[in-house]
Amino acid sequence: MANSLRLYLACIKNTLEAAMCLQNFPCQEVERHNKPEVELKTSPELLLNPVLICRNEAEKCLIETSINSLRISLKVKQADELENILTKKFLRFLSMRAEAFQVLRRKPVQGYDISFLITNYHCEEMQKQKLIDFIIQFMEDIEKEIRDLKESVNTRGRLVATEFLKQFITNDAIYTEKLNVRHHSSRFSASPSPSLSNFVLRRPGELLQIPAITQLQIENFYGLGNVI
Amino acid sequence: MAVVDVHRFAESITCHAWSPDLSMVALCPNNTEVHIYKSLSQDHWERLHVLQKHDQIVSGIDWSSKSNKIVTVSHDRNSYVWSLEGAEWVPTLVILRLNRAALCVQWSPKENKFAVGSGAKTVCICYYEQENNWWVSKLIRKRHESSVTSVAWHPNNVLLATTSTDGKCRVFSTFIKGVDTKDSKAGSPAETKFGEQILQLDLSYSWAFGVKWSPSGNTLAYVGHSSMIYFVDDVGPSPLAQSVAFRDLPLRDVLFISEKMVIGVGYDSNPMVFAADDTGIWSFIRYIGEKKAASSGSSYSSQFSEAFGKFYGSQSKSTTANDASDSRGGVHDNSITSIVPLGKGGSPKVMRFSTSALCRMSSPDNNHRNECYISTNLK
C-alpha cells in the first residue's frame, strides 16, 4: 500500500515539474491587468490540457496549467463518515488561513477537497523545486494528520465514555455478563429497571442507586473495544 | 568549452541589453524601472542611471548599436525611445496605438525601425518621421490569433518573423515607403505590401517563443512549449522545416551563434547547444554547464566581463521538506528568460552571449546576492 503511495506521489511530482513552467503574461482581455489565466479561462489557447492522476477511486489529483498559473486540486481518501467530517473540517481550517500559505486557494475546486493556485510570481519568489516538494509533503502530511485526528477522536471518545460510565460503578455489586441486571437489592427497588435504555443521569444523590456495572461491561456495551 | 562569468545585479531580471561598446548593460529588475550598470573593473559594476517612466513592468529592452538609443516597452502599453544627451537619458514617447500590453521589442538591423509584439494580437512597426520629430507606428493587425510573444528581424531589414501563443510562427513584410525605398536592393521584396504575410509555420502544438534568424537570414529557429525546437531552412516559397524534440523542460529563447549552431535557454536553467551537421540535420548536442562534468570548471579564466548573478536563496516554503531535489546544473538557479549576444550585430559568429534569469527570493540573512548571469562561449 505504501508502494502505491510512492508511485502516486512520484507521478504527481513529475507532472508538476513539467507543468510548473510559468511566465509573466499580461491579460489579453483587459488592459493593464495581470490575472491567473487558469482561473479566468477566457482564452482557450492559453490553457494546457488538464491532467487527472488517480490513485484509486477515492483519491485523485487534478493539475490544470496555463501560461502563467497552475492549479492543483486534491481529493483525499475518506474511508468513513468520521474521516469525511475530519477531512472537511481540517482542510477548511487550512483554507481559511490560505494567506499564510500563499499558494493555497481559499475554496477548493468543485468536486475536490483542497486546491492550490501557483502563479508565476510564486515561481519568481520561491524555488520551483521547493514548491513541488512542499505540495508532495503536504499530501503525505494530510494523510498522516487525518489518521492522527481520527485516532485521537476515537481515543477521546473512549476516555469520555469510560469516565462517564465510571460513575455507575460501586464496589459491592454482583454482575453478570448480561447488561440487563436482573437482581435488585432492596435498596434499589425504588429505581426503575436498569435496562440499557435507562442510563439516565440522575441527580448526584441518586447515582448510587443505579445498578452498578463493571468496567468491562461498559466497554463491551459501547463496543469501544472494537473501535479501530 | 564555456567560461562563465557570473554577476549579480538584482533579484530577478526580466530582460537586458548591452551597450554598443559592451561596457554598460541595461536591465529591468522585474519592476517598472530600467537600470543601467557600467562595468568599472572586472567584477565591479556601478549603477549609473535609473530610467523611470513606465507604470508597469518593462517587458523588453533593446539597445541599438549604431545610434546608441535604447527602446523599452512595458506592460502598460507604452514604449519609450531613450537617447543619451549629455549625462542623462531622455525619453521620447512612442505612440504605439496599442490597447494591450507590449511583450517584446527589437531594433531592425539598420536601426531605422523597431518592432513591438503585443498582447493585443498585433505587431507594431515604428519608424522615425523626420518632419514631425516623432516615432510613428504602423500596426500589423491581421493574422495573429493570440499574443505575439517574440519578434525577429531578417538581415534585409524588411522581413519580420513573429511567434505567438497560438503556436504559429509567421513572417511578414514590413516594407514602409519612405523608410525602405531608399536602399532597396535588387531582389529584395520591394513590391510587397506592408503587413503582408509571407509565410505561416504551423509546426508547434503549443505556444511558440523565441524566434531568431540565422546570421545570413537563411534559417529560422523558434521554440515551442512542448519541449521542441523548430528549424526552418530556405525560408521562402518552399521552406524545409525540422523539429527537434529534446528531453527536459521547454526553452524560452534561442540565439544563433553561427550559421550552424544555436543555443537555447529556458526552464532548465542550463543553456542547450543545437547544431546542424553537414547534411543540414539539426540535433541536440549538449548542455553548456554540465552538472557533474568538470569541463566548465577547468577553464575559469578571468577575461570575461559581465554576468548577471544568480540567486542563492535558501528560503523555502516547507520547513520539513528534505532537499531531495537535485540541483539542475549550471550557474542559474531559476529559469532563464533571455539570451543576448555580446558583440556587433550582424556578425556571422557570436563569440559571447549573456543570459538572464528570474531568481528566487533571498533568505533573511543578508549574505546572499542575486544574480543573473552571463556565460561566454569559446566555440
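**Entry 1: the interface**

I began with the area that chain B and chain A bury between them: about 3200 Å², 52% of it on carbon and sulfur atoms. I note here that this is a predicted model. Next I looked up who touches whom. On the chain B side, 40 residues are in contact with 37 residues of chain A.

I then searched for charged pairs across this interface. The rule finds one salt bridge between chain B and chain A. That bridge joins A:Glu31 to B:Arg77, with the closest N and O atoms 3.3 Å apart. I sorted the side of chain B that touches chain A by class: twelve nonpolar, 17 polar and eleven charged residues. I also looked for polar contacts across the interface of chain B and chain A, and the rule finds ten residue pairs.

**Entry 2: the cores**

Which residues have the most contacts inside the largest nonpolar core? I found A:Ile12, A:Ile63, A:Leu70, A:Ile72, A:Phe116 and A:Ile118, in a core of 35 residues. I listed the elements of chain A that give two or more residues to this core: α1 (2-19), β2 (60-65), β3 (69-75), α3 (81-96), β4 (114-119) and α6 (128-166). The largest share, nine residues, comes from α6(A).

**Entry 3: chain B and one glycine**

I turned to chain B as a whole. Chain B has one helix and 28 strands. Of its 379 residues, 60% count as buried. I also checked contacts in chain B with a separation of 6 or more; residues 24 or more positions apart account for 53% of them.

Then I went to B:Gly266, in strand β23 (residues 261-266) of chain B. Is B:Gly266 buried or exposed? I read a relative accessible area of 2%, so B:Gly266 is buried, the cut-off being under 20%. Beyond its neighbours within four places in sequence, B:Gly266 is in contact with B:Pro250, B:Leu251, B:Arg252, B:Ser335 and B:Ile336.

**Entry 4: salt bridges**

I searched the whole structure and found 21 salt bridges over all chains.

I looked at A:Glu59 and A:Arg55, which form one with the closest N and O atoms 3.0 Å apart. A:Glu59 counts as buried at 5% relative accessibility, and A:Arg55 is buried at 17%.

Another salt bridge joins the side chains of A:Asp113 and A:Lys75 (3.7 Å, N to O). This pair links distant parts of the chain, 38 residues apart: A:Asp113 sits in the loop between α4 (98-101) and β4 of chain A, and A:Lys75 in strand β3. I noted A:Asp113 as buried, with a relative accessible area of 17%. A:Lys75 counts as partly exposed at 26%.

I also looked up A:Lys166 and A:Glu163, whose side chains meet at 2.9 Å, N to O, in a salt bridge. Why are these two separated by about one helical turn? I put it down to position, because they are three residues apart in helix α6 of chain A. A:Lys166 is partly exposed, with a relative accessible area of 36%.

Last, I found a network of salt bridges that links A:Glu39, A:Lys41, A:Glu64, A:Arg71 and A:Arg105.

Notes
Residues are numbered from 1 along each chain as its sequence is written. Chains are lettered from A and ligands numbered from 1 in the order in which they are written. This is a predicted model: local features need pLDDT of at least 70, side-chain atom pairs count only at pLDDT 80 or more; totals for chains, interfaces and linings use all residues. Side-chain values use heavy atoms; hydrogens and water are left out. Contact means heavy atoms within 4.5 Å. Buried area is the accessible area (1.4 Å probe) that two parts lose on being put together, summed over both. A salt bridge is a side-chain nitrogen of Lys or Arg within 4 Å of a carboxyl oxygen of Asp or Glu. A polar contact is a pair of N or O atoms within 3.5 Å; within protein, one must be able to donate a hydrogen and the other to accept it, and residues adjacent in sequence count only if both atoms are side-chain atoms. Ala, Val, Leu, Ile, Met, Phe, Trp, Tyr, Cys and Pro count as nonpolar, Asp, Glu, Lys and Arg as charged, and the others, Gly among them, as polar. A nonpolar core is a set of buried Ala, Val, Leu, Ile, Met, Phe, Trp, Tyr and Cys residues joined through side-chain atoms within 4.5 Å. Buried means under 20% relative accessible area, exposed over 50%, partly exposed in between (1.4 Å probe, protein chains only). Helices (H or I, at least four residues) and strands (E, at least two) are DSSP runs, numbered from the N terminus.
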